[in-house]
Amino acid sequence: PTVTYICPDGELEEVEVPVGTSIMKAAVSHGIESIVGDCGGSASCATCHVYVESHLEKLPPKSSNEDEMLGDAASEVLPNSRLGCQLVMRDDLASLVVRVAPEQW
Ligand code: FES
């Protein structure tokens, strides 16, 4: 399944994300530098903040931990804010679109 990342500079990056891989990990391994992923994916840094622009209703709800970490995010937190490391690709999330938060630190 592919994910489209809308980078803060307006560039669109289409990345093939294997099922079971988080959209943070896929972005980092494709060199999308606007996603940092400093903690390696344990929901403890909030440097993988994205705004989900499609399929929002299909995503699993935020854990209390994710919700708490988003409170520390550098960019404005919106109702569609999520931590990219907590969004794990599934087949039914094909063509997911996420906008990368402008500031991660
Ligand atoms: Fe640290 Fe997602 S990578 S919270």
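So, the sheet: 5 strands make an open sheet, ordered β2-β1-β5-β3-β4, with mixed pairing. Strands here are DSSP runs of E, at least two residues, and helices are runs of H or I, at least four, both numbered from the N terminus. Two strands count as paired if DSSP finds at least two bridges between them. At the edges stand β2 and β4 (81–83), each with a single partner strand, so one side of each has no neighbour in the sheet. From one strand to the next, the twist averages 35 degrees, where axes are lines fitted to C-alpha atoms and angles run from 0 to 180 degrees between N-to-C directions.

A word on what we're looking at, friends: this is a predicted model, where local features need pLDDT of at least 70, side-chain atom pairs count only at pLDDT 80 or more, and totals for chains, interfaces and linings use all residues. Residues are numbered from 1 along each chain as its sequence is written. The protein chain averages a pLDDT of 97 (the predictor's confidence in each residue, from 0 to 100). The scores are ipTM 0.99 and pTM 0.97.

Back inside the sheet, β3 (residues 49–52) and β5 (residues 96–100) run antiparallel, joined by 3 bridges. V50 has V100 as its bridge partner in β5.

Now to T21, in the loop between β2 (12–16) and α1 (23–29). Beyond its neighbours within four places in sequence, T21 contacts A26, V88 and M89, contact meaning C-beta atoms, placed from the backbone, within 7 Å.

Technical notes:
Two residues are in contact if their C-beta atoms, placed from the backbone, lie within 7 Å.
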